[in-house]
Amino acid sequence: MKKKVKLNRQDKKLQIAMLGHKRIPSREGGVEIVVEELATRMASLGYDVTCYNRKGHHIAGKEFDTFSNSTVYKDIKLKSVFTIDKKGMAAMSSSVFAAINVAFSKYDVVHFHAEGPCAMLWLPKLFGKHCVATIHGLDHQRDKWGKLASAYIMMGEKCAAKYADEIIVLSKGVQQYFKETYERETKFIPNGVRPPVLREANLIKEMFGLEKDSYILFLGRIVPEKGIRYLLEAYKQTKTDKKLVIAGGASDTDTFMSELKRIATGDERIIFTDFVQGVILDELYSNAYLYTLPSNLEGMPLSLLEAMSYGNCCIVSDIPECIDVVENKAIVFKKANIEDLRDKLQQACDDKNMVKRYKTKNVDYICNKYNWGDVVDKTIKLYEEMVKA
């Protein structure tokens, strides 16, 4: 009879839980993209990864519920947790029940994503779990939240600062914020970007009448802090036959979406596509004349990384989170300044050679600097050092 060999701690792959996202697989927001990239890559390396999904349809709608009843996705274990599917309550309720579950389960590392869910970080910590928090942005500053949700998010931020074994931040600005506000050291690990899948304008021509270089693209969540109001007002004053495509779904912000459509009324050049992913998303990135991100507030803008990886000329607001990504390889306007944004849009529409110069700068630069393999390696190293400590 063979004697069983007992593995030492260092011979075992870590058991990891992730929570705070809406669901994976999904492109409903930057948090979901980050969780999916980390989890799938860690699982492919042999780590035991479980992701706690919310129930409900969220931004994408039920037509995108391909994996809603699945328990495994690309070697990741999926668990759906009880969710109150109402504005401001979905994130709160799902993180409470996910935290209760992980507290009583056998995980080496519990990785919380976003500030709000961190309000429950103390519970698995109380039960001896090693806890990591990724702060994707200062969510309490977002316009869409009411007083109760904002208070809960702020509680999550404070809980992360006090109880998390390690905090990951995606921008130098947020790193400085935690140092000044809580005297808390954090680890700066920015997001990565996948190599682009370049496609011709087939589906988008059929669905929206879009040709190569015939439109300006905004792609992201439809929320007030993205600066879409300024974009619409600036674009309506721009003399161009290029269309403006607003691609994205509302995130607890149906009223805001209605407001944007009222602003766009009367300008037939403006197209709202609603939530997109897959081939349509690739086609939109691949064929845009310009990509614009006029945000007032960001964590680390994944859509901007993606747009640059496709070789797009980008127009962005001058907030640090955007400037840190684009450096000198994009057109920059003053945040919330409609006139400056209008002038930059007009200049880009009139000067095709300038746009072409920006396009040629971006692909190699962005894909080399922001690599998901490096992000995963740094995150796993952080896990293992934390568990050994």
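At 4% relative accessibility, Val-174 counts as buried, and this residue of the predicted model belongs to helix α5, which spans residues 172-182. Leaving out residues up to four places away in sequence, Val-174 touches Ile-135, Leu-138 and Val-169. The C-alpha atoms of Val-174 and Ile-135 are separated by 8.1 Å, although the two residues are 39 apart along the chain. The points below take up the packing of helices, the aromatic rings, two further residues and some features of the backbone.

**Helix α5 and its partner α4**

- Helix α4 (residues 147-163) packs on α5 at an angle of about 80°, and the axes of the two helices are 11 Å apart.
- Because angles of 65 to 115 degrees count as roughly perpendicular, α4 is placed in that class relative to α5.
- On the α4 side the contact is made by Met-154, Glu-157, Lys-158 and Ala-161, and on the α5 side by Tyr-177, Phe-178 and Tyr-182.
- Sorted by class, the residues of this contact of α4 with α5 are five nonpolar, no polar and two charged.
- Tyr-177, Phe-178 and Tyr-182 are also linked into a cluster by ring pairs, and these three residues are the ones that α5 contributes to its contact with α4.

**Other helix pairs**

- Helix α1 (residues 30-44) and helix α14 (residues 372-388) pack at an angle of about 75° with their axes 10 Å apart, and they are therefore roughly perpendicular to each other.
- From α1 the contact draws on Val-34, Glu-37, Leu-38, Arg-41 and Met-42, while α14 supplies Trp-372, Gly-373, Val-375, Val-376, Thr-379, Ile-380 and Tyr-383.
- The residues in the contact of α1 with α14 comprise eight nonpolar, two polar and two charged.
- Helix α10 (residues 302-309) and helix α13 (residues 352-369) have axes that come within 7 Å and cross at roughly 130°, which makes α10 oblique to α13.
- Leu-305, Met-308 and Ser-309 of α10 meet Asn-362, Val-363, Tyr-365, Ile-366 and Cys-367 of α13, and the residues of this contact divide into six nonpolar, two polar and no charged.

**Aromatic rings and charges over rings**

- Counting rings whose centres lie within 6.5 Å, the model has eight aromatic pairs.
- One of the pairs joins Phe-82 and Phe-97, whose ring centres are 5.2 Å apart and whose planes stand at 80°, so the pair is edge-to-face.
- The charged end of Lys-261 sits over the ring of Phe-272 at 5.7 Å from its centre, and the charged end of Lys-329 sits over the ring of Tyr-365 at 4.3 Å from its centre.
- Tyr-365 is also one of the α13 residues that meet α10.

- Asn-191 lies in the loop between β8 (187-188) and α6 (203-208), and with a relative accessible area of 3% it is buried.
- Setting aside neighbours within four places in sequence, Asn-191 is in contact with Val-34, Leu-170, Met-300, Leu-302, Leu-305, Tyr-370, Trp-372 and Val-375.
- Among these partners, Val-34, Trp-372 and Val-375 also take part in the contact of α1 with α14, and Leu-305 takes part in the contact of α10 with α13.
- Tyr-230 is found in helix α7 (residues 228-236) and is partly exposed, with a relative accessible area of 23%.
- Apart from neighbours within four places in sequence, Tyr-230 is in contact with Pro-294, Asn-296, Ala-336, Ile-338 and Leu-341.
- Tyr-230 and His-113 are 117 residues apart in sequence, and their C-alpha atoms are 29 Å apart in space.

**Backbone features in loops**

- The peptide bond from Ile-24 to Pro-25 is cis, with omega near 0°, and Pro-25 is placed in the loop between β1 (15-19) and α1.
- Glu-183, in the loop between α5 and β8, has a phi near 50°, a positive value in a residue other than glycine, and at 70% relative accessibility Glu-183 counts as exposed.
- Asp-213, in the loop between α6 and β9 (215-219), also has a positive phi, near 60°, and at 28% relative accessibility Asp-213 counts as partly exposed.

Methods:
Residues are numbered from 1 along each chain as its sequence is written. This is a predicted model: local features need pLDDT of at least 70, side-chain atom pairs count only at pLDDT 80 or more; totals for chains, interfaces and linings use all residues. Side-chain values use heavy atoms; hydrogens and water are left out. Axes are lines fitted to C-alpha atoms, for helices over the stretch in contact, and angles run from 0 to 180 degrees between N-to-C directions. Helices (H or I, at least four residues) and strands (E, at least two) are DSSP runs, numbered from the N terminus. Angles under 35 degrees count as roughly parallel, over 145 as roughly antiparallel, 65 to 115 as roughly perpendicular and the rest as oblique. Contact means heavy atoms within 4.5 Å. Ala, Val, Leu, Ile, Met, Phe, Trp, Tyr, Cys and Pro count as nonpolar, Asp, Glu, Lys and Arg as charged, and the others, Gly among them, as polar. Rings of Phe, Tyr and Trp (its six-membered ring) pair if their centres lie within 6.5 Å; planes under 30 degrees apart count as stacked, over 60 as edge-to-face and the rest as tilted. A charge sits over a ring if NZ of Lys or CZ of Arg is within 6 Å of the ring centre and within 35 degrees of the ring normal. Buried means under 20% relative accessible area, exposed over 50%, partly exposed in between (1.4 Å probe, protein chains only).
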